[in-house]
Amino acid sequence: MDSSGKIRILIVDDSAAQRMELISALGDPRLDIAEADSGEAALALLESEDFAVVLIDVRMPGMNGFELVERIRRLEPARIIPVIFTTSTQPPTAHVRKGYTLGAVDFLLLPVAPEVFRAKVDVFVEIFRKKSNLDRLAADLETKEKERTAELLAQNAIIKSLTDNAASGLFMLDNEGRITFMNPAAAFTLGRSFADVAGQLLHEVVHAGDPSG
């Protein structure tokens, strides 16, 4: 998704006329369509940008569509981008099988009816949109969690400063009256460290000379 909120798709075809035909068939103002006239140009875009789906011509000079998909699958995170193969000639069964083996989600024989083409692309656009929304929510939650953690740490630092510098002895007890915390003033009064009395009953510690009270 680009800065304007449009979802990006990539069309890879060495024929400018074929690319224009696909762009015209889509006719969706919500999409930001990038073009590449070769496998090398497509890889350069995929390494730096995020796309909802990639449409690749099977037959291209230099790096053909199959070779391009093999390279795409080795990229991070582009290797998980859905790929649709396009071709203007009926592909042999072996080619179709190879395409699906490489992870292609569809084969389109051109020319294709615009409504069919849009429906196929829309599936992956909607998946990408929902994933982007989930990623944004997760990022917001992570930010809020970090902010809350920072607030708690700041509050704890203030509390520690107050208790450490308090003139009076302060104790924290569990439900059974056992010591779970005491400040330096309490340790000074008792003449014992927190490590010595942790987990002991406050009454027994304070009245060590006469536990019965």
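Predicted model: local features only at pLDDT ≥ 70, side-chain atom pairs only at ≥ 80, totals over all residues.
Helix 5 has a kink of about 25 degrees centred on Asp122. Now select the whole of helix 5, residues 114-165. Its 52 residues reach 76 Å from the first C-alpha to the last, close to the 76 Å expected at 1.5 Å a residue.

Which residues of helix 5 are buried? Colour Phe117, Val121, Phe124, Val125, Phe128, Ser132 and Thr163. An α-helix has 3.6 residues a turn, so residues three or four places apart point the same way. Keep that in mind as you turn the helix.

Next stop: the aromatic rings. The model has 3 aromatic pairs. Select Phe85 and Phe107, a tilted pair with 5.1 Å centre to centre and 35 degrees between the planes. This pair links distant parts of the chain: Phe85 sits in strand 4 and Phe107 in strand 5, 22 residues apart. Both Phe85 and Phe107 are buried.

With Phe107, Tyr100 forms an edge-to-face pair: 5.8 Å centre to centre, 70 degrees between the planes. Is Tyr100 buried or partly exposed? Tyr100 is partly exposed, because its relative accessible area is 42%. Phe107 has 13%, so it counts as buried. Ring pairs link Phe66, Phe85, Tyr100 and Phe107 into a cluster.

Last, go to the surface. Select Phe171, Leu173 and Val206. They form a nonpolar patch with about 220 Å² of accessible area together. Phe171 lies in strand 6 (residues 171-173), and Val206 in helix 8 (residues 202-206). Phe171 is partly exposed at 31% relative accessible area; Val206 is partly exposed at 42%. Finish with Thr189: its C-alpha is 9.7 Å from that of Val206, 17 residues apart along the chain.

Note on methods: Residues numbered from 1 in each chain as written. Heavy atoms only, no water. Helix = DSSP H or I, 4+ residues; strand = E, 2+ residues; numbered from the N terminus. Expected span 1.5 Å × (residues − 1). Bend = angle between axes of the 7 residues up to and from the residue. Buried < 20%, exposed > 50% of the residue type's maximum accessible area, 1.4 Å probe, protein only. Patch = residues over 30% accessible without salt bridge, like charges linked within 9 Å, V, L, I, M, F, W, Y side chains within 5 Å. Areas by Shrake-Rupley, 256 points an atom, 1.4 Å probe, with all protein chains shown as cover. Salt bridge = Lys/Arg side-chain N within 4 Å of Asp/Glu carboxyl O. Phe/Tyr/Trp six-rings, centres within 6.5 Å; stacked < 30°, edge-to-face > 60°.
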